[in-house]
Amino acid sequence: MTQEKWTAVDRYITDHLVPPEAALDEALEASARAGLPAINVSPNQGKLLMLLAQVQGARTILEIGTLGGYSTIWLARALPKDGRLITLEFQPKHAELARANIERAGLSHLVEVRLGSALDLLPQLAAEKVGPFDLTFIDADKEHNADYFEWALKLSRVGSVIVTDNVVRKGAVLDSSSPEASVQGVRRFYERVAAEPRVSATAIQTVGSKGYDGFSLARVTS
Ligand code: SAH
Ligand code: DHB
Ligand code: MG
């Protein structure tokens, strides 16, 4: 099995099940023009996020790692008219482009892009008593995933869902002696989740246009 085949199957799935939408396509085009890295979720993954948020009946969503707002737009599309999504991003250029993309998608009234380092912004959210969030999507630097999970849990209620992207990294997660901070961060994330009695969690390996990776899903149970 090859990357070429995974990409072709993702295209097949997307052609059948994820009809093109101008606002989403334009967000990716604007991001590419601005030179942002193409590490956004794929269209079929984005639709999965939207469906998860809908199944969850989410009215409040937290995202850590905005980039150009592609996953943000998918998630915000799941919200009711009075819903709220807060997304955290520390690169001004990314945040600015995301705001423009979200505006073009007609979702600005639901979405707040907060600029700063997530580890500074998360305690602020807690202090402001925004939340609890019905769903959190963790997708920033992988090094701090355990800390992001900790904060997501603090900002959750019983029944909240925490989705974390990139928890397999081509299988590199197995390498306990990896020199990569991102791999060690993902490993600390698993240890933290494993030791947390207040969640029920799993993770799924994926292949597709973004290669071999995976995501985890945790439900807050108490
Ligand atoms: N969720 C996006 C992709 C996010 S890529 C999508 O699927 O469309 C990861 C983003 O996290 C990048 O824009 C990066 O600038 C941001 N990021 C990295 N470290 C961060 C930090 N410490 N605080 C906030 N954002 C961070
Ligand atoms: C990277 C980050 C992501 O969030 C992702 O989904 C894929 C790759 C990266 O930093 O390389
Ligand atoms: Mg990701």
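Mentor: Start with two helices: the axes of H7 (residues 145-154) and H8 (residues 181-194) come within 7 Å and cross at roughly 35°. This is a predicted model, in which local features need pLDDT of at least 70 and side-chain atom pairs count only at pLDDT 80 or more, while totals for chains, interfaces and linings use all residues. Residues are numbered from 1 along each chain as its sequence is written, chains are lettered from A and ligands numbered from 1 in the order in which they are written, and side-chain values use heavy atoms, with hydrogens and water left out.

Trainee: What counts as a helix or an axis here?

Mentor: Helices (H or I, at least four residues) and strands (E, at least two) are DSSP runs, numbered from the N terminus. Axes are lines fitted to C-alpha atoms, for helices over the stretch in contact, and angles run from 0 to 180 degrees between N-to-C directions.

Trainee: Which residues of H7 and H8 meet?

Mentor: On the H7 side they are Asn 145, Ala 146, Phe 149, Glu 150 and Leu 153. H8 brings Gly 185, Val 186, Arg 188, Phe 189, Arg 192 and Val 193. Contact means heavy atoms within 4.5 Å. By class, the contact of H7 with H8 has six nonpolar, two polar and three charged residues. Ala, Val, Leu, Ile, Met, Phe, Trp, Tyr, Cys and Pro count as nonpolar, Asp, Glu, Lys and Arg as charged, and the others, Gly among them, as polar.

Trainee: And how do H6 and H7 pack?

Mentor: Their angle is about 10°, and the axes are 10 Å apart. That makes H6 roughly parallel to H7. Angles under 35 degrees count as roughly parallel, over 145 as roughly antiparallel, 65 to 115 as roughly perpendicular and the rest as oblique. Ala 118, Leu 119, Leu 122, Pro 123 and Ala 126 of H6 meet Asp 147, Tyr 148 and Trp 151 of H7. Those residues divide into seven nonpolar, no polar and one charged.

Trainee: What about H1 and H3, what's the angle there?

Mentor: H1 (residues 3-17) and H3 (residues 43-55) pack at about 50°, with axes 9 Å apart. The two are therefore oblique to each other. H1 makes the contact with Asp 10, Ile 13, Thr 14 and Leu 17, and H3 with Pro 43, Asn 44 and Lys 47.

Trainee: Switching to ligands. How many residues surround ligand 1?

Mentor: There are 21, and the closest are Val 41, Ser 71, Glu 89, His 94 and Asp 139. A residue is near a molecule if one of its heavy atoms lies within 4 Å of it.

Trainee: Which polar atoms sit by ligand 1's nitrogen atoms?

Mentor: A side-chain N or O atom of Ser 71 is 2.8 Å from a nitrogen atom of ligand 1. A polar backbone atom of Phe 90 is 3.3 Å from a nitrogen atom of ligand 1. A polar contact is a pair of N or O atoms within 3.5 Å.

Trainee: Where is the cis peptide bond?

Mentor: From Gly 131 to Pro 132, with omega near 10°. Pro 132 is in the loop between H6 (118-128) and strand E4 (135-138).

Trainee: And what is phi of Leu 67?

Mentor: Near 55°, a positive value in a residue other than glycine. Most residues other than glycine have a negative phi, and most peptide bonds are trans.

Key: Polar contact = N/O pair within 3.5 Å; in protein donor to acceptor, adjacent residues only side chain to side chain.
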